[in-house]
Amino acid sequence: MNQVKQIHAYSLRNGIDQTKILIEKLLQIPNLQYAHLLLHHCPYPTVFLYNKIIQAYTFSQSQHQSFYLYSHMRLHGYPPNQHTFNFLFSACTSLCSIPLAQFLHTHFIKSGFEPDIFAATALLNMYAKLGGLGFARKVFDEMGVREVPSWNAMMAGYARFGDMEGAVELFKSMPRRNVVSWTALISGYLHNKQYEKALGLFLKMEREKDIRPNEVTLASILPACANLGALEIGQRIEEYARRNGLFKNVYVFNAVLEMYAKCGKIDVAWRVFDEMGRLRNLCSWNSMIMGLAVHGQCGKALELYDQMLREGTSPDDVTFVGLLLACTHGGMVVKGRHIFKSMTIDFHIIPKLEHYGCMVDLLGRAGQLREAYEIIQNMPMKPDSVIWGTLLGACSFHGNVELAEIAAGSLFVLEPWNPGNYVILSNIYASANQWDGVAKLRKVMKGSQITKAAGHSFIEEGGQLHKFIVDDRSHPESNKIFALLDGIYEMIKLNRSSFEYHLDLDLSH
């Protein structure tokens, strides 16, 4: 910085225009404020210099300054070029404004530019990221030549906003695919919680000869393994990451940690957490705290939180979800209340729906149903089906018919299609010998044609995930599976008969 100031002073004393050199050096440091000031005092600024600073503002997440500079250059008669618009299209995606995107698009056309492949892709990407899929598709359809990035941008837009059918259709239509194409679709399935499809696509990708997963692919597929409990595949992905030097990436590291924590391998998760060392970020601490909490190691979760604070990492709202879960699973009502209050008092974090849900669960499990209901009544936001479902579950456990009816009534409005709520309330009535209530619910279910969906489970074997429904015979190996199950059942009956026979002999003696 001192060198830049010396050059600046020398140029001012000697009347030499060193603006270009100074701005380029300032952008390397970076000192955008100083560079911006120099540009304003430059007697003959160029479009090149405007573009350099607009680009720098875009990369530094100062998008409003990018548009301020664009307005300034037009006001002073410096016409933008295609590079200017490419940088602005990128900046616009962070400002979440479709009208601004259309404004830029109009300026681009009025400036006399015909979108080349780069500008058209940038324009398409801008609309797709903002959710303007109709505008994006129009740009895509009007492109004379489409390269892989254009297809990827359109497909990622569909996936990001939940149109997986549109994304899959584009994926199948692509003349060529690269690793970004596969990763975009995998990420789309993950984003839309279609974990089974994400994992199936990844396994298909592995069989492609010219495609090798990168860091983004692994960070996208590992959460699917975590949610499906596909430990064997997750372990194989970790080995691949280590072999190919991808394990130094903090996102891959965190995804592996979360996968082991969610699959119940807490000791392995600890090993990964310790291995991260200085690479740890808040996501790493949160994953480890959450893993410990969910698997009943509540004391260790709270100890890890204290260690996190000592090491200078501040918590966020996700951290407190993990801490409240730890209190819930550990039955620590007093500690839970304290942590809930400390969110706002000590860290100025406003509780979200998830935090209220944790408190309802904590109090409900402890039998303090009235206080749990009061929390729901006093929440600053509308309770969702998860909150009411949590209270209904607690009422079922503690046999509280009055509050169960209130919770179920709200659930019938929020999700009338869900048979589970009717079944739980019916069981509560049955436990309280209120058979009129049971009969009434069965009549409502029959009249509304509400049926309970068959349960299913996933089993991982040989690097593949198999889905089974109750009494399902659609699996190609179903005959062998049921034959084996029949054999196991017969063995259980024989062992039980043998046990009862020996037990009778012991009692007779």
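A patch of positive charge on the surface is formed by Lys172, Arg177, Lys204 and Arg207. A patch takes residues with over 30% relative accessible area and no salt bridge, joining like charges within 9 Å and nonpolar side chains (Val, Leu, Ile, Met, Phe, Trp, Tyr) within 5 Å. A salt bridge is a side-chain nitrogen of Lys or Arg within 4 Å of a carboxyl oxygen of Asp or Glu. Lys and Arg count as positive, Asp and Glu as negative, with His and the chain ends not counted; the charge is placed at NZ of Lys, CZ of Arg, CG of Asp or CD of Glu. Accessible areas are from the Shrake-Rupley method with a 1.4 Å probe, and for residues only the protein chains shown count as cover.

This is a predicted model, where local features need pLDDT of at least 70 and side-chain atom pairs pLDDT 80 or more, while totals for chains, interfaces and linings use all residues. Residues are numbered from 1 along each chain as its sequence is written, and side-chain values use heavy atoms, without hydrogens and water.

Lys204 sits in helix 13, residues 195-206. Helices (H or I, at least four residues) and strands (E, at least two) are DSSP runs numbered from the N terminus. Lys204 is partly exposed because its relative accessibility is 43%; buried means under 20%, exposed over 50%, and partly exposed in between, with a 1.4 Å probe and protein chains only.

There is also a nonpolar surface patch, made of Leu484, Leu485, Ile488 and Ile492, with about 380 Å² of accessible area together. Leu484 belongs to helix 28, residues 478-508, and at 56% relative accessible area it is exposed.

Next, Arg337, in helix 21, residues 333-347. Its relative accessible area is 27%, so Arg337 is partly exposed. Beyond neighbours within four places in sequence, Arg337 contacts Met359, Leu363, Gln368 and Glu371, a contact being heavy atoms within 4.5 Å. Leu363 is 26 residues from Arg337 along the chain, and their C-alpha atoms are 9.5 Å apart.

Is Thr319 buried or exposed? Thr319 is buried, because its relative accessible area is 1%. Thr319 lies in helix 20, residues 317-330.

Finally, the whole protein. There are 28 helices and two strands, and 44% of the 509 residues count as buried.
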